[in-house]
Amino acid sequence: MGMRQWIEGWPVYRQLAGPDRTARGAAAKSSGSENWHARTEDADKVVRSICPYCAVGCGQKVYVKDGAVTQIEGDPDSPVSRGRLCPKGSASKQLVTSPSRVTEVLYRRPYGTEWERLSLDQAMDMIADRVLATRAETWQDTDDQGRKLNRTLGFASLGGATLDNEENYLMKKLYTALGAIQIENQARI
Ligand code: SF4
């Protein structure tokens, strides 16, 4: 690269010698940044979704290329968030694509010091066995005055704010059918 070329490539020279005197446009661009483009431009499709992190339910646009999520941004058409996402929602691509995302059931036994990997079937069977045993051990037909209770205080449910309406409906139905009465959600507390 010659001296003249080097000087002309210098942003301060371009700012002083060219029309962009405030250096907020062409003067501040390098050849590298001129070739940059948004990764959303390459997407094969855009899928509308809802941020899974909290009960605000901000709208998201999920950009997909070759079957993989390449970017997640706020949806300007959402009446809830009008294109905005908080830092957590803005980082939700990592929830899907992070190599440290946990995709297996991890179990630490009582007094255990290590996590064990379980199959989903085994974990579900263990949970079902414990719920049934606890229900049988703690079931209350009546109170001490003979009034009907038909309940258990042996287990409770505390749902997270990322659960949607349908999931909350099904959880409430399940726990009520099992006889639980302490059924709550983090978003109500
Ligand atoms: S973007 Fe932030 S405020 Fe909106 S739903 Fe997600 S976590 Fe909640």
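How much space lies in the largest pocket? I read about 250 Å³.

I noted that this is a predicted model in which local features need pLDDT of at least 70 and side-chain atom pairs count only at pLDDT 80 or more, while totals for chains, interfaces and linings use all residues. Residues are numbered from 1 along each chain as its sequence is written, and side-chain values use heavy atoms, with hydrogens and water left out.

Terms. A pocket is an open set of points on a 1 Å grid over the protein atoms alone, where a 1.4 Å probe fits, with protein on both sides within 12 Å along at least five of seven lines; lining residues have an atom within 4 Å of a point. A volume is the space filled by probe spheres set on points joined across faces, edges and corners.

Largest pocket. I found 15 lining residues, with C54, A161, T162, L163 and D164 nearest the centre. Eight are nonpolar, six polar and one charged (Asp, Glu, Lys and Arg count as charged; Ala, Val, Leu, Ile, Met, Phe, Trp, Tyr, Cys and Pro as nonpolar; the others, Gly among them, as polar).

Second largest pocket. I read a volume of about 180 Å³. Its lining includes L163, N168, K172 and R188, and divides into three nonpolar, four polar and three charged residues. β8 (157-159), α7 (165-178) and β9 (183-185) each supply at least two of the lining residues (DSSP runs: helices H or I, at least four residues; strands E, at least two; numbered from the N terminus).

Helix α7. I noted that G179, with a positive phi near 100°, follows α7.
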